[in-house]
Amino acid sequence: MIRSAGRDPLRGDVVTEAFPYAALPGYQNWRSAVSANPDRDGIDPQGPVKFRLASTARIASAGSCFAQRLAVRLRELGLGYAIAEPGGEPLSARYGNVYTSRQLLQLLERALGRFDPLERAWTAPDGYLDPFRPGIEDGTFASVAAVEENRAAHLAAVRSLFASVDAFLFTLGLTEVWVDRRDGAAFPVCPGRGRGVFDPGRYAFVNLGVDDVQADLERFIALFGEINPAGKIVLTVSPVPMAATMVPTHVVRASLYSKSVLKVAAENVAARHAHVDYFAAYDTVMQNLGGEQLFADRQPTDEIADRVVRFFVRDYFGDAVASRTAVQPAHAAAPRNGERPCDEDVLLDLIAAGDARRGEQAVSALRAGGGAAVEQIAHPVPLYFLGDSNTLIFKDRVFSVPGSPAPYLGRTMHTPGLGAFDLCDADGNLNFIVLSRLVGEHLLIADGNGSWRAYARIGTQALNFVQDAEGRVRRDPPILLFCGVFDWLLFFQEIGGREVGSEAPDAVGFDAAVTIAARYLEPLERGLLLLRSYGLRNVCLHSIQPPSPDDEAFRNAFFPCTARARYQTVRLMNHLLRGVCERTGTPFVDLWPLVTGADGMVDSRYCFDPVHLNLDAALLTIEVLVETLRARSAAETEVTEPAPAANEANEANEEASTMIDDVANPAELRLGPGWHPLERDRDEMFRWAGDDALLYAPVFAAVDHRLLLEVEPGPGVGSQPFALEVYDGAGALLGTFTVRGRETLDLVLAASLPVMHRLRLHVVGGGARTPGDERVLNYRAFRITLTPQRVDVLSSVDGFRVGAGWYPLEEYGGSTFRWVNDNASIEVSSRAAELALEVEPGPGVGKQPFTLKAIHASGDVLASFVVSARERVVVPLRPDEPLPYVIRLRVEGGGRATLGDSRMLNFRAFQAR
């Protein structure tokens, strides 16, 4: 440090003073670096770089639109620019623009198999797009399978690229990003306007802060180092202003904020790593020391871009390489050497065009006879919801159902307070408000004879762009009618909020309750027949929602009663509603099996208030509705079952009916031919079955399901033990049971995609006739239930049992898991060589990568893992160890509190398959 001589004014003696700024290099002093430099345009704000690159170094790049311009000019200089995937030029692979740190991190995680997003494809006017690179050349695919096949090849190329380059240049562009609410997957663009369909319930806007960007970059650097320990990384920030902002402020202010966050985060991260540097591209442009024009519209001029490249090459490769070729600026408006349109510019075009342009295209296509093709792919299928306040949850929401080619749009026809007895008046006229809703939505039109008919024509032009639940062109859109909660409340109030048919001293008799309830529903039956006569074939009826089991909440909203009374009366009303549907040919959409637990009460996860369900339940409603319509469509085209004997024709030709245990069974299945009408023996209900009774079991989740049948031999088998065989729809034998008396048969339906299982129950050696009864009464069934199996993360059958540190089994989003604290114990009573688990970081570790150690009771570490995302870990065991013994799962750096939850949720564990 330089010391300067001076005289102390108090003592008068000469001293030397250490002054920190005295020895600064010239580039750190404004006067020497800027004021004294006559070439303002040639001022390079970089300063010294951390490392130099050889002229033969293999470089890859990714990033925002500005990254494309840098890539083009680096290639023009003849440097070793890597192209791992042809067709991605000028970038190194076909990943398109990568604007955010979150996209970059997830790109590498996906390439390494550490992250598998739930979003598979987006619809486009002429096919399907990859949601994570919708703007790539030739990026429209004919099918979702084609998207995934191309994506797999792309990620393999990315993995190879990152593992082999000498240096990777990443240009950060934005902090604003749209993510999938389900798993946090980040997209390069906002879905919608021909690039998928925007669904506010599925996609969320996120504006990353400095901490977020730094965490993403740190994680990327760590993963990059795993596969390329010697690779260098250069971070830079794009100077291109953002096209539009979701933040409610001026776009200029939002853009400067975004760039500032990115610069600070990149500088901070680079300062912590010797092999990571920050290059001042943003600084070079924005300093504007010469007062020149910087931008042509949003893009930096070619002169500015060339200057950035010149500085980059000189700083990292030296003057000799920089002087190889003089980069000649081109006209700013002309893209060079394959530069592709920027997604942000496309966004501005979409905003400017708006929906009006698309509407004009749809109209012109309709006039040309091609409207169906445009609507079928580019727009969601409308699903209409008619009725009381239960319809409001669907209003203007877009839903996506696995296996469906198009998303669904909820169109709500809210009719406040609509009850079943209001649907049709005593004179046989449709409720005026309901009629006005249907006419207003162009579902009904006057027929010219004083009545109404389905809206199927405009003059002489057929209305051929209305779609069914599969996206196919039809003229009968699905309508789901909610018409029951108000009726049930009135009925329940009329019987004094009491139980039905139970041993309670003030209970209402079953027959009396049925008579009262049926009075409420009779106008509904007439109304459904009337709608069908108008040509509305796809009107479906929704079951009454399960009420809250919370007595206090229900009392505060309505009147005091017990949960048992509420549930008895709702299930009775739903039983009668199903009968109305059977008589009128109306599909019955029943949500009870999916939103209630083993105790028959509604799961609190689906409650909104005492009589309304929430959005999660609405998503299930869409799935059930679509599956119901699919099953109906399949039944209409399926070959008719062989005709039964004449005396059984009436019963066997019934459409799907219901097996209900009115007390304990919330799950309801559909019965086909071969079953006789419901009967009652004292307080028990049952149905007799013939030789080959059909059972339809709807499955809505890809997990094993358990089918329980409580049966008893009948006169058709001489009331003796008999063999019952169960076949699936393809004729495969699923199981054989010997029924000796009244007993419960247990059959597991293996996990599959959502499907309607068609089961045939064949009696071996049955069919004997009963004197005085021409029916075949092989056996009678008292109870049939179908429930999804909850599979624990560790199976005692396999020799493992959870101990301390594990929280109860949970289900969410189709997955079953347990949250885990610290030092969670596992009792091993198996000679297995290893233990496999799927684990995922939780709030206790900030949902960040963490170290998980498996420790033997002796203190020995059996295995140590760095868990970054949901991934499979395998713990080696000691097969020779005396059984049982205990191992513990120890988390390093966990224990953070979770807002609103007293538990320590370090990670969650799933069953490894």
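A residue is called buried under 20% relative accessible area, exposed over 50% and partly exposed in between, with a 1.4 Å probe and protein chains only. By that scale N823, with a relative accessible area of 29%, is partly exposed. The model is predicted, so local features need pLDDT of at least 70 and side-chain atom pairs count only at pLDDT 80 or more, while totals for chains, interfaces and linings use all residues. Residues are numbered from 1 along each chain as its sequence is written, and side-chain values use heavy atoms, with hydrogens and water left out.

Of the 913 residues of the protein, 50% count as buried. The protein has 19 helices and 50 strands, these being DSSP runs numbered from the N terminus, with helices (H or I) of at least four residues and strands (E) of at least two. If contact is taken as heavy atoms within 4.5 Å, then among contacts between residues at least 6 apart in sequence, 71% join residues at least 24 apart.

In soluble globular proteins, nonpolar side chains tend to be buried together. A nonpolar core is here a set of buried Ala, Val, Leu, Ile, Met, Phe, Trp, Tyr and Cys residues joined through side-chain atoms within 4.5 Å. The largest such core has 78 residues, of which L438, W488, F491 and L524 touch the most other members. Beyond its neighbours within four places in sequence, L524 is in contact with A420, L423, L481, C483, L541, L577 and V580. Apart from this core lies another, of 68 residues, among them L79, F170, L235 and A270.

After α13 comes G496, whose phi is positive, near 75°.

Rings of Phe, Tyr and Trp (its six-membered ring) pair if their centres lie within 6.5 Å, and planes under 30 degrees apart count as stacked, over 60 as edge-to-face and the rest as tilted. The whole structure holds 34 aromatic pairs. W488 and F492 form a stacked one, 5.4 Å centre to centre with 15° between the planes; because they are 4 residues apart in helix α13 (residues 485-494), about one helical turn separates them. W488 is buried at 1% relative accessibility, and F492 is buried at 0%. The pair of F817 and F910 is tilted, because the ring centres are 5.6 Å apart and the planes stand at 55°. F817 lies in strand β43 (residues 815-820) and F910 in strand β50 (residues 907-911), so this pair ties together parts that are 93 residues apart in sequence. Elsewhere, ring pairs link W122, F132, W178, F187, F198, Y203 and F205 into a cluster.

A charge sits over a ring if NZ of Lys or CZ of Arg is within 6 Å of the ring centre and within 35 degrees of the ring normal. R110 lies in this way over the face of F132, at 4.4 Å from the ring centre, and the charged end of R566 sits over the ring of F554, 4.7 Å from its centre.

Another arginine, R780, is found in strand β40 (residues 779-788) and counts as buried at 15% relative accessibility. Its side chain is joined to that of E712 by a polar contact of 2.8 Å, a term for a pair of N or O atoms within 3.5 Å in which, within protein, one must be able to donate a hydrogen and the other to accept it, residues adjacent in sequence counting only if both atoms are side-chain atoms. Leaving aside neighbours within four places in sequence, the residues in contact with R780 are D681, F686, R687, W688, E710, V711 and E712.

The peptide bond from L883 to P884 is cis, with omega near -15°, and P884 lies in the loop between β48 (871-876) and β49 (885-892). N823, in the loop between β43 and β44 (824-828), has a positive phi near 55° although this residue is other than glycine. K847, also not a glycine, has a positive phi of about 55°; this residue lies in the loop between β45 (834-841) and β46 (850-856) and counts as exposed at 58% relative accessibility.
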